[in-house]
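Q: Hi! I have a structure open and would like to talk it through with you. Shall we take a look together?

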Amino acid sequence: MHIECGKVIELNKGKILVESAPETGCSSCAAKDTCLTGGDSRKKRLWIENTLGASPGDMVSFRIEEKGVVLASVLLYLLPVIFLIGGAVAGSMLAPAMAMETESGSAVGGIAGIILAFMFIYMVSKIRRMKNLFSPVLLEILAPSRQVF
């Protein structure tokens, strides 16, 4: 479990847009030097279900499940490559049976593998979204905003 802090900058339909500095989530990460998202100095923004009634200007803490981050990384980066290679190999093996050249069968199989990979990713992400594995969870309001009425 990874806990971060950020400032609520927007409220919309039961969700809050939280802006956190990259150093809150990235300074302790072992992959910070090689990560494409953690390497820059821009602030990160993400939508979180507003379960605590936070309002714009509040400082909040939230958690991001590390297993969700790892699973999302595997789904988005590793799985398409595996499906591409598997599809290309299967296509080259099946090409003679379909009266195709090996290279053409490999290309068709690779394209089919990529399409299958993205269909699989879509289905898994829908299931995981229902279980909120990829979603950050609001933990507490650290400092309420000081709004004057």
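Q: Is Phe120 buried, exposed or partly exposed?
A: Phe120 is partly exposed, at a relative accessible area of 35%. The cut-offs are under 20% relative accessible area for buried, over 50% for exposed, and partly exposed in between (1.4 Å probe, protein chains only).

Q: Before I go on, what kind of model is this?
A: It is a predicted model, where local features need pLDDT of at least 70, side-chain atom pairs count only at pLDDT 80 or more, and totals for chains, interfaces and linings use all residues. Residues are numbered from 1 along each chain as its sequence is written, and side-chain values use heavy atoms, with hydrogens and water left out.

Q: Good to know. Which residue forms an aromatic pair with Phe120?
A: The count of aromatic pairs comes to one. Phe120 pairs with Phe83, stacked, at 6.2 Å centre to centre with 25 degrees between the planes. The rule is that rings of Phe, Tyr and Trp (its six-membered ring) pair if their centres lie within 6.5 Å; planes under 30 degrees apart count as stacked, over 60 as edge-to-face and the rest as tilted.

Q: And where do the two sit in the chain?
A: Phe83 is in helix α2 (residues 66-94) and Phe120 in helix α3 (residues 102-130), so the pair links distant parts of the chain, 37 residues apart. Helices (H or I, at least four residues) and strands (E, at least two) are DSSP runs, numbered from the N terminus.

Q: How accessible is Phe83?
A: Phe83 has 27% relative accessibility and counts as partly exposed.

Q: Tell me about α2. Where does α2 bend?
A: The bend in α2 is at Leu78, about 40 degrees, and a proline, Pro80, follows within four residues. That angle is taken between axes fitted to the seven residues ending there and the seven starting there. Among the buried residues of α2 are Leu75, Leu79 and Pro80.

Q: Switching topic: how many helices and strands are there in the protein?
A: There are three helices and five strands. From the N terminus on, the elements run β-β-α-β-β-α-α-β. Of the 149 residues, 27% count as buried.

Q: Now charges. How many salt bridges are there?
A: The count comes to one salt bridge. In this bridge the side chains of Arg45 and Glu19 meet at 2.9 Å, N to O. The rule asks for a side-chain nitrogen of Lys or Arg within 4 Å of a carboxyl oxygen of Asp or Glu.

Q: Which strands hold the two partners?
A: Arg45 lies in strand β3 (residues 44-49) and Glu19 in strand β2 (residues 15-20), so the bridge ties together parts that are 26 residues apart in sequence. Arg45 counts as exposed, at 55% relative accessibility.

Q: Staying with β2, is Val18 buried or exposed?
A: Val18, which lies in strand β2, is buried, with a relative accessible area of 0%. Leaving aside neighbours within four places in sequence, Val18 is in contact (heavy atoms within 4.5 Å) with residues including Val8, Leu46, Ile48, Val60 and Phe62.

Q: Last one: what is the phi of Lys13?
A: Lys13 has a positive phi of about 50 degrees although it is not a glycine. Lys13 is in the loop between β1 (2-12) and β2, and counts as exposed at 81% relative accessibility. Ala99, in the loop between α2 and α3, has a positive phi of about 55 degrees and is not a glycine either.
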